[in-house]
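Q: Can you walk me through this one? I'm new to reading structures.

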Amino acid sequence: MGVFDKAERKIDSVVGKVFARAFKGDVQPVEIAAGIQRELDAEARLLSKGKKLVPNHFLVGLSQHDYDRLYPYARTLNAEILPGIREHAAEQSYVFNGPISIEYELKTSLPTGQFTIKSEAVEGKTESRPQEGGRLVLEVHGVRHPLVPPGLVVGRGADADLRLNDPGVSRRHALITVAGSPDRPVVTIEDLGSTNGIVVNGMKVSKTALREGSRIELGNTRMLVHAPTEM
């Protein structure tokens, strides 16, 4: 079971489903795993013959510090968390209504070391609903970067929000602007006077809208805009 043994997966929660460390410090992956397991226990609903329906979609809210530290490793983090979640569910005779997914969001109101968990039971394939206007991410080299307001500057320079180690990318290459609600974001990309320009879906552009499935090329770097369903 690796780092997520039964002893480590125990954690107390604070009223309002806000989880905090006993001592000040960064949120640790094992605490997120334990928080999700407590969410399963709290939300379990009896089906029949001892089986209980539990949520399968989890949205973890993190402070600015914890979000910046953990989100770049979301895929690896979830790969470590999910086996423990499935094992806990099997031990408790819990039933999921569809694939388990874990997403992360920035909550600037949270102090470092605290996180929130929201959950829902999503039936079958309905998790794909973000494709019609849900949370979007920018995936670069397998790492997902959330597209949240106001957006981010992409470039090679130290002042870029998303830094790319690519000689074909300018220091401040492109601005991605995000507006609208989290469930229906309006996303655009704009060239900031780069040397090599921007290519979106095979066409060179100076400014254009981005949506689910948009393919972006900056220098030698390929990026994809999409709404993740299962992790």
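Predicted model: local features only at pLDDT ≥ 70, side-chain atom pairs only at ≥ 80, totals over all residues.

Q: What is the strand order in the open sheet of five strands?
A: The order is E11-E10-E12-E13-E16, with mixed pairing. Strands (E, at least two residues) are DSSP runs, numbered from the N terminus. Two strands pair if DSSP finds at least two bridges between them.

Q: Which are the edge strands?
A: Strand E11 (162-163) and strand E16 (207-210). Each pairs on one side only.

Q: How do E10 and E11 run, parallel or antiparallel?
A: Strand E10 (residues 151-155) and E11 run parallel, joined by two bridges. Val154 stands opposite Leu162 in E11.

Q: Next, where is Ser214?
A: Ser214 sits in the loop between E16 and strand E17 (215-218).

Q: Why does Ser214 count as buried?
A: Because its relative accessibility is 2%. Buried means under 20% relative accessible area, using a 1.4 Å probe and protein chains only.

Q: What does the Ser214 side chain have 2.9 Å away?
A: The backbone nitrogen of Arg211 lies 2.9 Å from a polar atom of that side chain. Beyond neighbours within four places in sequence, Ser214 is in contact (heavy atoms within 4.5 Å) with Asn201, Met223, Leu224 and Val225.

Q: And E17, what does it pair with?
A: E17 pairs with strand E18 (residues 221-226) in the antiparallel sense, over four bridges. Ile216 has Met223 in E18 as its bridge partner. Two bridges also join E17 to strand E14 (residues 198-200), again antiparallel.

Q: Which residues are on the covered face of E17?
A: Ile216 and Leu218. Arg215 and Glu217 are on the uncovered face.

Q: New topic. How many aromatic pairs are there in the whole structure?
A: The search finds one. Tyr67 and Tyr71 are stacked, 5.1 Å centre to centre with 15 degrees between the planes. Rings of Phe, Tyr and Trp (its six-membered ring) pair if their centres lie within 6.5 Å; planes under 30 degrees apart count as stacked, over 60 as edge-to-face and the rest as tilted.

Q: Is Tyr67 buried or exposed?
A: Tyr67 is buried, with a relative accessible area of 8%. Tyr71 counts as buried at 7%.

Conventions: Residues numbered from 1 in each chain as written. Heavy atoms only, no water. Buried < 20%, exposed > 50% of the residue type's maximum accessible area, 1.4 Å probe, protein only. Polar contact = N/O pair within 3.5 Å; in protein donor to acceptor, adjacent residues only side chain to side chain.
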